[in-house]
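Please consider the sequence and the three-dimensional structure shown below. The paragraphs that come after them lead from the overall fold to individual residues.

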Amino acid sequence: MSVSETSLRAVQDKRSVAQPSASQALKYRLKVAMREPTTLIGIFAALLFAYLILVPILSMLTDAARVQFGDERRIASDIGSFTLYYLSRTFLSPISRDLFWQPLLNTLSVAAGAISLSMLVGIPLAWLISRTDMFARRWFATALIVPYMLPAWTFALAWTTLFKNRTVGGQPGWFEAMGLTPPDWLAYGQVPITVILALHYSPFIILLFGTALRRFDSQLEDSARILGARPSQVAWQVILPLMRPALLSAIVLIFAKCLGEFGVAYVLGLPVKFDVLATSLFRNIASRQTGVAAVVAGSIMLIGIVTLLIDAKLVKEARRFVTIGSKGTMNRQSRLGVLRIPATAFAGLIFMLSVGLPLLTLLLSTVMKQPARFTPDNFTLDYWIGTNLDTVALRTGILLSRDLWMAAWNTLWIVGVASVTSGILGLLVGYVVVRTPLRPLSVFLRQITFLPYLVPGIAFATAYLSLFAVQRGPIPALYGTVTILMLALIADQMPYASRAGISAMMQLGKDPEEAAQISGAGWLRRMITVVIPIQKGSLVTGILLPFISGIKGLSLFVILAVPSTDVLTTFSLRLVDYHYTQAANGVVLIIAGIAYFGTLAAQRLTKTNIAEGLGG
């Protein structure tokens, strides 16, 4: 063997000896990682969110396969033992049609109708706002998004104020008071629910479809016309194929929202026993059918997860179309000519139907003794500030009602504390996801904090009820307490808070932190003096978005709140049940005002504009 070959073999032997094994490398990386505060914080956050998000969902799913308290004699098994009874009862029994299949069919039909109507309204409006010279185009760009800023059941109460008939008690609706009795199909059930959800969710179409239209290069239309294409061919063969990903994404999101919508279906479906999956779930919980409720909630969750995973795929597909143009891209407005006034009138009509008329109806109803009688002696402020009212339970106007202020206080401090906590936790999650050297920990935190977004709110509330309704180990029963509401809100809002934190930390380099570390600052001091001041805007976003969502939220509270922990949404729903129409409408106006002006404040503080794109 030559000298060179001997030297080469010696180097190779030396490398083979120095090369650490995979287990040694893993131990070394773990040892280094454990020296970083981000790793310890990340492990704590992972355990916390696994308990607050994953464990409740698993607990709910196991309830569907375990004998629940009160059913042991019917099933002839011990409490907690394995059973397929609830699955069989929900899907295969003689009453399965009422428990699941008819509500599922109603949910799908309402969602299909809402999607169709929202497309019929939203696509023309998106085109008018994005690509034409319609009058007041910039104003309409924000005004037509207002329906999504308000609680959906605001419009349900306005509808029942107008169209209510003798099917239910209490004061008559406006049309009935004028001698015109609306039929049940118009006053309640599928038609009004579909129309209201379509108007409420049409902003999805306007935002997503409009954003795609703004990115579309007008030169492609010119090229098609030069080649002899008619306007209809340009629309169907050029524009719509390129807009398809954004449109399909909007459709999927509307379907997911309709799937968990509770308030509208409760107000307008209950009088005629028109159940959707959300109200069927609520009925089962109210009647203490815990096992069946777990099956229904699991079904809603599964459909929601599949739906939003489809949306995630469509978003990836949509990214293929963002480079339609280049530096020469043109977004030329189309001149409407003689159609400019009719187009503006159409946008104004939709705004009046979706915002102006509902809010005006609710406001007028709160200052009128008798519905639809517009004489001076019929107007009053008694339902706001009156005393000794001729009612059984509500003896004063709502502004003088102790129950209102207790509900308002509960709303502000419960939602406020939960929002601040979720905002701080979201920033910490973002810090760990971006900074930790352990990639599996980063991936796990990303996924676990996004999971509540895939689960409709009423199903997530059912999961919390399943876990915290009884004592489990050292954790006491929390049902009926403020704690369970806060924990559920924190977990439910983490998708928004964590995404704000991750986005912020990805834009923050390590240099400011490393400079502080060289100066001797510990991790906590670096967070307080460097990271948080730089990222205060993102922290505010991570707090405000959950706060606004929590203020107008109903699905979580209607399952988990009790009279002692009433918030504004559950208080107004209780007034609806008691047929105190004016008082309920007044409370809903207060909620709508907080939600609307809170959204505007959030946009002002975060320097964003929801009209420029969903989530923008």
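This is a predicted model: local features need pLDDT of at least 70, side-chain atom pairs count only at pLDDT 80 or more; totals for chains, interfaces and linings use all residues.

Residues are numbered from 1 along each chain as its sequence is written, and side-chain values use heavy atoms, with hydrogens and water left out.

The protein contains 29 helices and zero strands; these are DSSP runs numbered from the N terminus, with helices being H or I of at least four residues and strands E of at least two. Of its 616 residues, 50% count as buried, where buried means under 20% relative accessible area, exposed over 50%, and partly exposed in between (1.4 Å probe, protein chains only). The accessible surface comes to about 29700 Å², and 65% of it belongs to carbon and sulfur atoms; such areas come from the Shrake-Rupley method with a 1.4 Å probe, and for residues only the protein chains shown count as cover. Among contacts (heavy atoms within 4.5 Å) between residues at least 6 apart in sequence, 74% join residues at least 24 apart.

Setting aside residues up to four places away in sequence, Phe 49 touches Leu 54, Leu 425, Val 429, Leu 445, Ile 448, Thr 449 and Met 494.

On the surface, Leu 381, Ile 385, Leu 399, Leu 400 and Trp 405 form a nonpolar patch with about 490 Å² of accessible area together. Patches are made of residues with over 30% relative accessible area and no salt bridge, like charges being joined within 9 Å and nonpolar side chains (Val, Leu, Ile, Met, Phe, Trp, Tyr) within 5 Å. Leu 400 lies in the loop between α19 (382-385) and α20 (402-435), and its relative accessible area of 44% makes it partly exposed.

Side chains of opposite charge can pair when their charged atoms come close. The structure holds seven salt bridges, each a side-chain nitrogen of Lys or Arg within 4 Å of a carboxyl oxygen of Asp or Glu. One of them joins Arg 66 to Asp 63, with the closest N and O atoms 2.9 Å apart; Arg 66 is partly exposed at 29%, whereas Asp 63 is buried at 4% relative accessibility. In another, Asp 566 pairs with Arg 574, the closest N and O atoms being 2.2 Å apart. Asp 566 is buried, at 8%, and Arg 574 is partly exposed, at 27%.

A polar atom of the Asn 410 side chain lies 2.9 Å from the backbone oxygen of Asp 566. Beyond its neighbours within four places in sequence, Asn 410 is in contact with Val 415, Ser 564, Thr 565, Asp 566 and Val 567.

Finally, Tyr 596 is found in helix α29 (residues 581-606) and is partly exposed at 25% relative accessibility. Tyr 596 and Pro 147 are 449 residues apart in sequence and 9.4 Å apart in space, C-alpha to C-alpha. Not counting residues up to four places away in sequence, Tyr 596 touches Val 146, Met 149 and Leu 150.

Technical notes. A polar contact is a pair of N or O atoms within 3.5 Å; within protein, one must be able to donate a hydrogen and the other to accept it, and residues adjacent in sequence count only if both atoms are side-chain atoms.
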